[in-house]
Amino acid sequence: MKLITAEIRQKLLANGETARRRHAEDEDHDPVPVVKFFNPCGVGTWLITEMSPEDEDRLFGLCDLGMGFPELGYVSVRELQSVRLPFGLSIERDLYFNPDKTLGEYAEEARRLGHVAA
């Protein structure tokens with residue numbers, strides 16, 4: 001499965017550009033996640049809001065590696081694509097993800113619960 005389609009890439013880049021502009025103006029930026037990636041064999045969830053316009057390998061979002069400490073941070077597209085799991089599986093995109101909160105709200109909930117609940 002392709003993790004980032006052209007439509008998803010366009011939305012992520014738009015959010016990345018907005019984040020860069022708002023950061024330069026010292027304004028808050030709390031978008032709704034665009035895409036959710038997950039490990040179909042176990043733990044690992046990523047709610048991604050933006051892609052760096054300067055480096056399209058760099059995504060930003062809420063990252064939960066299943067250690068009880070989900071955090072906001074960066075992840076590499078290449079690294080996600082390179083993960084090889086049992087039975088020939090790999091990191092997947094949640095085709096049915098329908099975000100209903102901002103990234104900040106998901107992060108607050110995840111810190112309280114110890115995992116991403118999306």
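**View A. Arg 20 and Glu 54 pair up in a salt bridge.** In this predicted model, local features need pLDDT of at least 70, and side-chain atom pairs count only at pLDDT 80 or more, while totals for chains, interfaces and linings use all residues. Residues are numbered from 1 along each chain as its sequence is written, and side-chain values use heavy atoms, with hydrogens and water left out. The closest N and O atoms of Arg 20 and Glu 54 sit 2.1 Å apart. A salt bridge here means a side-chain nitrogen of Lys or Arg within 4 Å of a carboxyl oxygen of Asp or Glu. Glu 17 joins Arg 20 and Glu 54 in a network of salt bridges. Arg 20 is partly exposed at 40% relative accessibility, whereas Glu 54 is exposed at 54%. (Buried is under 20% relative accessible area, exposed over 50%, partly exposed in between, with a 1.4 Å probe and protein chains only.)

**View B. Glu 56 meets Arg 9.** Their salt bridge spans 2.8 Å, N to O. Glu 56 is in the loop between strand E2 (45-51) and strand E3 (58-64), and Arg 9 is in helix H1, 47 residues apart. (Helices, H or I with at least four residues, and strands, E with at least two, are DSSP runs numbered from the N terminus.)

View C. Lys 11 and Glu 7 are separated by about one helical turn, because they are four residues apart in helix H1 (residues 6-24). Lys 11 is partly exposed, at 45% relative accessible area.
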